[in-house]
Amino acid sequence: MFFAVSFNLIVLTTDLILADYRASFGNFMVATVGALVAGKAVLLANVTPFMRRFDTAPMIRPILFKTIVYWTVVFLVRFLEKLVEYLFAGGTLSGIPEYMATHFTWHRFAAIQIWIFVLFLVYTSVAELNARLGDGKLRKIFFTRRSPEMKPSTPTADSRARRSAD
């Protein structure tokens with residue numbers, strides 16, 4: 001299921017980007033600016049008092065809540081940045097609707113927003129898991145060697161038979 005959703009998401013976003021013939025791939029500065037916008041969104045969202053409202057709930061609630069808050073802040077900041085860009089280039093307030101309908105690259109904007117949502121979902125999942133395990137435990141799990149007495153798990157004939165019976 002995971003790979004089916006992931007690969008279809010890649011196809012969808014690629015199609016959205018390709019629909020805009022002016023889009024270019026591999027632009028390092030665009031990726032860096034996008035990362036800065038996402039960082040701004042996290043910083044802005046983290047200073048608000050309501051971010052801790054689901055801390056005692058099952059882990060899925062704070063993960064989804066924070067992901068949606070982060071995504072929304074990034075959406076608004078990116079949208080406002082485009083409007084400010086337009087206004088500084090000589091646009092007028094009365095010309096905003098026309099600019100949004102004719103010059104704004106909606107396909108590219110939507111594709112980036114989809115990936116930002118997925119990335120924030122992964123980010124908040126790992127952050128919440130780290131908080132629940134205890135600060136530093138996740139790092140220890142990922143970056144320390146196993147003790148010699150811990151052997152890697154290999155399926156035995158017994159466990160394979162049990163799985164096939166299920």
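Predicted model: local features only at pLDDT ≥ 70, side-chain atom pairs only at ≥ 80, totals over all residues.

The residues lining the second largest pocket divide by class into six nonpolar, three polar and three charged. The volume of the second largest pocket is about 210 Å³. Its lining consists of N46, T48, P49, M51, R52, K66, Y70, Y123, T124, A127, E128 and A131. Two elements, helix 3 (60-88) and helix 5 (106-133), each give two or more residues to this lining. Helix 5 gives the most, with five residues.

Helix 3 and helix 5 pack with their axes 8 Å apart, at an angle of about 145°. The crossing of helix 3 with helix 5 is right-handed. In the contact between helix 3 and helix 5 there are 17 nonpolar residues, together with four polar and four charged ones.

The aromatic rings form the next topic. Rings are taken as a pair if their centres lie within 6.5 Å, and by this rule the count comes to twelve aromatic pairs. One of them joins W106 and F109, whose ring centres are 6.1 Å apart and whose planes stand at 80°. An angle over 60 degrees counts as edge-to-face, so the pair of W106 and F109 is placed in that class. Both residues belong to helix 5, where W106 and F109 are three residues apart and therefore separated by about one helical turn.

How does accessibility classify W106 and F109: as buried, partly exposed or exposed? W106 has a relative accessibility of 40% and counts as partly exposed, because that class lies between the limits of 20% and 50%. F109 has a relative accessibility of 5% and counts as buried, since buried means under 20%.

A further aromatic pair is formed by F142 and F143, with 6.5 Å from centre to centre and 50° between the planes, and this pair is tilted. F142, at 61% relative accessibility, counts as exposed. F143 is likewise exposed, with a relative accessible area of 68%. Both assignments follow because exposed means over 50%.

Terms used
Residues numbered from 1 in each chain as written. Heavy atoms only, no water. 1 Å grid on protein atoms, 1.4 Å probe; cavity = no way out; pocket = protein on both sides within 12 Å on 5 of 7 lines; lining within 4 Å. Points joined across faces, edges and corners; volume = space filled by probe spheres on them. Helix = DSSP H or I, 4+ residues; strand = E, 2+ residues; numbered from the N terminus. Nonpolar A, V, L, I, M, F, W, Y, C, P; charged D, E, K, R; others polar. Axes fitted to C-alpha atoms, helices over the stretch in contact; angles between N-to-C directions. Left-handed = near helix turned anticlockwise from the far one by under 90°. Phe/Tyr/Trp six-rings, centres within 6.5 Å; stacked < 30°, edge-to-face > 60°. Buried < 20%, exposed > 50% of the residue type's maximum accessible area, 1.4 Å probe, protein only.
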